[in-house]
Number of protein chains: 2
Amino acid sequence: MIVEASDTGLAELEHSHVRFADGLALECGITLPSLTIAYRTYGTLNPARSNAILVCHALTGDQYVAERHKLTGRPGWWELMVGPGRPVDTNRYFVICSNVLGGCMGSTGPASPRDDRPGAEGVAAEPWGTDFPLVTIRDMVRAQKKLVEHLGIERLFAVIGGSMGGMQTLEWAATYPQCVFAAVPIAAASFHSAQNIAFHEVGRQAIFADPDWLGGRYWETDRTPARGLAVARMAAHITYLSEQALTRKFGRRQRPDHDAPLDAAPLGSALFGEMFEVESYLRHQGSSFVRRFDANSYLAITRAMDYFDLAVEHEGDLSAAFAGTATRFCIVSFSSDWLFPTAQSREVARALNRVAANVSFVEIATDKGHDAFLLDEPDLHRTVAGFLTGCAEHAGLIG
Amino acid sequence: MIVEASDTGLAELEHSHVRFADGLALECGITLPSLTIAYRTYGTLNPARSNAILVCHALTGDQYVAERHKLTGRPGWWELMVGPGRPVDTNRYFVICSNVLGGCMGSTGPASPRDDRPGAEGVAAEPWGTDFPLVTIRDMVRAQKKLVEHLGIERLFAVIGGSMGGMQTLEWAATYPQCVFAAVPIAAASFHSAQNIAFHEVGRQAIFADPDWLGGRYWETDRTPARGLAVARMAAHITYLSEQALTRKFGRRQRPDHDAPLDAAPLGSALFGEMFEVESYLRHQGSSFVRRFDANSYLAITRAMDYFDLAVEHEGDLSAAFAGTATRFCIVSFSSDWLFPTAQSREVARALNRVAANVSFVEIATDKGHDAFLLDEPDLHRTVAGFLTGCAEHAGLIG
């Protein structure tokens, strides 16, 4: 294994990372000759190496969970949850967060130089692009496992994540049950539903439809399929909110320049302009996203989510995926989440109950929709803090 | 008023129509110098001219409600509801359906030649395109009113429609209460919600993002923004179904060529291909739609829906829009419709109750989502047939 620093990721940004020269054999049968995982840690690993919490990020997240983002300059995406005195308390726990396999913030993904065939001497390898093999949630977890081992950690005290991060959390518990003392899958499910696949497909088609995508070879030019990726982000963003949240935030409020009476609307502007505030908000969501995300990564990661189905190896019996587990589970859903509705979390809880697992299940009443896991939800933070503290007592981390 | 036949619409198709040389003054303050309304009728107008039912179509519908479509060759879009012996019984009623103002199946819309300025002699006028003025649901209804008067009908026995057709139905009852004996708004609402505006905006952005849209001037070329329009249709189509319907129809079933084990997936195909059947279905929905719809019409009509809010003229008091109404209402919603949820129909029913209107409200239990109004829903058809028969007795149409 070779650890080295190099320039990777969007905008030639350097990210702390580890490179595994032995690569990773993927579920699809293809082996990545080498594997780079970009990651951040917070807090201190205790001498017993028993206080590590792995935070798994969602589709468009990354490793900058509790610090200013290197590229965007914005606060860490989960500073409400992770930090000193926060539910995932970095004064007590050693927190690890890595960019997922297939991502674009330093870990191996479609934008990484392909190393599966010899290149001409002195010529930089071209990126994988759309030749990047299909990765799965399990592949992401197996890459994280290599990182965790590299850090000298045999067993994680906890794995936690929302949305796709919750899928990884469940996959960790199913694939490495001995290595996960506690698991907190939030706003997640054991499989991706037909409706969710359909929304992802709309996003992918929006990217494919952008001529600047160039069949995935946009990296050969100075262009990116920004318009298609922005439309994908806009469609997805609606699914992260709730009708109530959109109504509360925007309702039918019109843009200031459209607050004039209808008959003052200038000829021709009607079909183009931003008429409602919700439109302006969505357009901003789309345009800011494309500056920090790679389109081919978006394709790869949505595919990984679509493919996720923990029960498929067990003839549809989800409980078999967790047979004999000693992991303690805290499953959290949000009442207004229609992307990963409570019923899907309840299904996971029931499957765990059937194998007599140690599981608690909390549905948090909120009108904020799927995105609630990222937002200021005191009930969520109390739930996670309480669960982790209880587990820490059981694990002997606190006396 | 001049009535003439001419070639209009997609693919130079000829549609039965009436042309009003006196045009139409729109709510936005602009007057269309002339107005063409393409329409179809079924059944026979009785001597008292009292048995007419106006059917209002939805966003992507048209006037071919109960006959093979001239362009697509497919059956009429509401043959389950309208025809001999059907709930809207053409043996008993004279049924009218017109293409909406702003549409693309023969009525005045963005693809119509603009006639608001003198053209060079002998040169065909260019289409309105994105200079087509903002039209509203009320403008659509006022255009229909001209058609109904042209047909010599003073009062409609009934107005019926689903989705945007239900919006028009409500607008008819509010704007011309004396002219509507009975109204059947199905799967509709008195305003377009923030979430629905947001979904429309995604579709519009997908069209804007297509370079073949050419700022709306694609009619100058032989191209159309087909990819953008297809993405818009795909995003919208998801909202017409329900999670249950998608799960029932497709679940996580994979395409035959992807039914092989994961490790047989060929390198590189993963990010592009249709993996799941729901994707193939959506792609088909997108690609077949673009052959029958004009992108600028899609922009115009989605804008009209977004703008719809019956209460806005009454300081938010919806009941004031119906004060003193003598119209009989039958309001229908579907339990799994999340685009126009039951709560929004119930709000209309309550507003009507507050002004002591004659209103019945039916929520039909179905897992088919918003699209249920177009599908084989026996409870829907029984409800409409029963309501219309009862009204026909009250109106003296049957003894």
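Me: Over how many bridges do β9(B) and strand β10 (residues 180-186) of chain B pair?
Reply: The model is a predicted one, in which local features need pLDDT of at least 70, side-chain atom pairs count only at pLDDT 80 or more, and totals for chains, interfaces and linings use all residues. Residues are numbered from 1 along each chain as its sequence is written, while chains are lettered from A and ligands numbered from 1 in the order in which they are written. Strands (E, at least two residues) and helices (H or I, at least four) are DSSP runs numbered from the N terminus, and two strands pair if DSSP finds at least two bridges between them. β9(B) and β10(B) pair in the parallel sense, and the number of bridges is 6.

Me: Which residue of β10(B) is the bridge partner of B:Ala158?
Reply: β9(B) and β10(B) run in the parallel sense. Within β10(B), the partner of B:Ala158 is B:Ala182.

Me: Which residue of β9(B) is the bridge partner of B:Cys56?
Reply: Strand β5 (residues 52-56) of chain B is parallel to β9(B) and joined to it by 4 bridges. In β9(B), B:Cys56 is bridged to B:Gly161.

Me: How many residues of strand β9 (residues 156-162) of chain B are buried?
Reply: A residue is buried if 20 or more other C-beta atoms lie within 10 Å of its own, exposed if 12 or fewer, and partly exposed in between, with C-beta atoms placed from the backbone. β9(B) is largely enclosed by the rest of the structure, because its buried residues number 7 of the 7.

Me: Which residue of β11(B) is the bridge partner of B:Ile186?
Reply: β10(B) also has 7 of its 7 residues buried, so it is largely enclosed by the rest of the structure. β10(B) pairs in the parallel sense with strand β11 (residues 328-334) of chain B over 3 bridges. In β11(B), B:Ile186 is bridged to B:Val332.

Me: What rotation superposes chain A on chain B?
Reply: Copies are superposed by least squares on the C-alpha atoms of residues with pLDDT of at least 70 in both. The shift along the axis is 0.0 Å and the RMSD is 0.0 Å, with a rotation of 180°. The two copies are thus related as by a rotation axis that is two-fold, and the rotation asked for is 180°.

Me: Which element gives the largest share of the side of chain A that touches chain B?
Reply: Two residues are in contact if their C-beta atoms, placed from the backbone, lie within 7 Å; the contact takes 53 residues from chain A and 52 residues from chain B. Elements giving two or more residues to the side of chain A include α4 (226-240) and α6 (277-289) of chain A. The largest share, 10 residues, comes from α3(A).

Me: How far apart do the C-alpha centres of domain 1 of chain A and domain 2 of chain A lie?
Reply: Domain bounds come from an automatic or database domain assignment. Chain A is divided into domain 1 (10-195 + 313-394) and domain 2 (197-300). The distance between their C-alpha centres is 27 Å.
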